[in-house]
Amino acid sequence: RGGACPHSGGKMASTAAGKQRIPKVAKVKNKAPAEVQITAEQLLREAKERELELLPPPPQQKITDVEELNDYKLRKRKTFEDNIRKNRTVISNWIKYAQWEESLKEIQRARSIYERALDVDYRNVTLWLKYAEMEMKNRQVNHARNIWDRAITTLPRVNQFWYKYTYMEEMLGNVAGSRQVFERWMEWQPEEQAWHSYINFELRYKEEQSWGCATQPAVSLTRAVLVLVHPEVKNWIKYARFEEKHSYFAHARKVYERAVEFFGEEHMDEHLYVAFAKFEENQKEFERVRVIYKYALDRIPKQDAQNLFKNYTIFEKKFGDRRGIEDIIVSKRRFQYEEEVKANPHNYDAWFDYLRLVESDTDAETVREVYERAIANVPPIQEKRHWKRYIYLWINYALYEELEAKASAGSSGDAERTRQVYQACLELLPHKKFTFAKMWLLYAQFEIRQKNLPLARRALGTSIGKCPKNKLFKGYIELELQLREFDRCRKLYEKFLEFAPENCTSWIKFAELETILGDIDRARAIYELAIGQPRLDMPEVLWKSYIDFEIEQEEYEKTRNLYRRLLQRTQHVKVWISLAQFELSAGREERLPRCRQVYEEANKAMRSCEEKEERVMLLESWRSFEEEFGTDATKERIDKLMPEKIKKRRKLQAEDGSDAGWEEYYDYIFPEDTANQPNLKLLAMAKLWKKQQQESEAAATDPDKDIDESQT
């Protein structure tokens, strides 16, 4: 004891001395970041590569005697108990503990653990399931029954307990016990699937019996209760189909009648009536089927009875007469359309649907009556956009009278009725404000089909006189062309061009007609009149057509004159390029000089053009020509004429006048332009200075080379 104090005192002294010797933290003077930075990702990667965090697996322990086994059990139980003591509410710890005891065949201990866990949380479904499965696995049937009873008593709304319990009893062959469990379950009025499971169970054991037996059948009773607990249409239908399947037809009919009475008229469903009708159809009770369908159609809203109506139609097509079913269908749909057209008489789309219905299913007089009612709804405003749908009522009416009514009523009077429809429509249209060319053309085509050419010409002539339109002129001319009446075509073209002298297409068609007829002078005169018009909608098309016409006639001199006349009106680059290509393809001996001369003239003329891209396009075309047909001298000359492409900047302004930044764009500097000569000199000097700068920089980076060069 005497020596202990000095040692202990020495330890304290050394500790105190150690505390005194701790140096102060040095201040970091250089706070700049280190040259080599280490990221967190790099640290983690190195730790994984070196396996710093991997723990070696525990050594395998081999138990050789009972004492070691008991010691092992003691340690494991202490571990489990400690985990449970730390957090009693973690059910997984209890389950692991019980499963470990079960693996050691310590069933009594496992039961004790499950019971302790249930004291902690008796609402945990997994705990009950594991407990019961343990008892079933170890063939402890009575214990399992006891657990299932406690589970369904404690948690009767957990369907899984009931399913497992009934399945266990059925597997054990205890049908009566399983039925008793099902009956207890049904007292809680569970979901539909539970009822169906009970029904399927009874069916498996042949408990379906007739209603006339002394003992009430389990299945029928179950289904009857099901439709009261879950009063849905599908359950009633399943109930009735079950009775029908087992040939209890009277009972099935009673089920359907009870269902109709149960739902009443406020909650009618088409699926119930469709199933009821199909049942009666299978029983060959066709009159009852008709009564059911009519009863349902009269009471269910039309938008909710589409499937019902479809099945009714199929039934009538199978077992009813044709006229009856057509009348039923048409009457129902006609009622809908009547409601629509009453609500809005100017809803022409509804009239179209209505007319399509009556055309397919009723006689000609009824169709005419509906057409007359439809065309009586004239648009109130005389604007063409309001008449575009309405006019098709007249067109459909006329086509019906010509095609459909003729097939149904015979050939007498149909052509006259159709003519009256067309004439009435043409009299109704306000031709001074607008007209419909398609109506005049359809009328003329109808008269031609009736082999009445004078009336067709009279109609088209009247249309041109009352309301001339391009479409009318084109249709009339096409008709006369088909009839090979070329003199009439000439007169019509003359009238057409008097009406619309700016229409280039008409001039071209007129000239092409004369060309086809072989009258070249008349065609040329027409072209001359056309290009002399002060206003044209497409002058470039007209000039191109005239030039192509002269080229086809091989009048090259006249073609050149045409090009020159066109160039007096416009200096467009495409005209110059087209003239050059013409000169290249027209002559044989002097074609290259002529073509080159055209390019020269074009280049001089385009110098004053503001569109520099067009001038560049001309020079590129010229260069392509010289590359194919030119000499070295001409190629060098055209290369000298090519412009320099430079990038420039210009200031942008917004709509309100404020600055919107700068924009870069490309500009062209042509060597020929004298005004641009200083710019070219400045550009050349800039390039030379840049080259010198690059050479000086190269010399500075390689001084040895300069010394060698100086010595040399």
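Q: What should the 14 residues of helix 24 span at 1.5 Å a residue, and how far apart are its end C-alpha atoms?
A: This is a predicted model. Helix 24 covers residues 453-466. At 1.5 Å a residue, its 14 residues should span 20 Å, and the distance between the end C-alpha atoms agrees: 20 Å.

Q: Within what arc do the buried residues of helix 24 fall, seen down its axis?
A: Ala456, Arg457, Ala459, Leu460, Ser463 and Ile464 are the buried residues of helix 24. They line one face of the helix, because seen down the axis they fall within an arc of 160°.

Q: Which exposed residues does helix 24 carry on the face turned away from its buried side?
A: The buried side packs against helix 23 (437-449), helix 25 (470-482) and helix 26 (486-499). The face turned away from that side carries the exposed residues Pro454, Arg458, Gly465 and Lys466.

Q: Are helix 4 and helix 6 roughly parallel or roughly antiparallel?
A: The axes of helix 4 (residues 91-103) and helix 6 (residues 125-137) come within 11 Å. They cross at roughly 5°. Angles under 35 degrees count as roughly parallel, so helix 4 and helix 6 are roughly parallel.

Q: Which residues of helix 6 make the contact with helix 4?
A: Helix 4 contributes Ile91, Ile95, Gln99 and Glu102. From helix 6 come Thr126, Leu127, Lys130, Met134 and Lys137.

Q: How many contacts beyond four places in sequence does the model have for residues 1-19?
A: The mean pLDDT of the protein is 74. Over residues 1-19, pLDDT stays under 50.

Conventions
Residues numbered from 1 in each chain as written. Predicted model: local features only at pLDDT ≥ 70, side-chain atom pairs only at ≥ 80, totals over all residues. Heavy atoms only, no water. Helix = DSSP H or I, 4+ residues; strand = E, 2+ residues; numbered from the N terminus. Expected span 1.5 Å × (residues − 1). Buried < 20%, exposed > 50% of the residue type's maximum accessible area, 1.4 Å probe, protein only. Arc of directions from axis to C-beta. Contact = heavy atoms within 4.5 Å. pLDDT = per-residue confidence, 0-100. Axes fitted to C-alpha atoms, helices over the stretch in contact; angles between N-to-C directions. Parallel < 35°, antiparallel > 145°, perpendicular 65-115°, else oblique.
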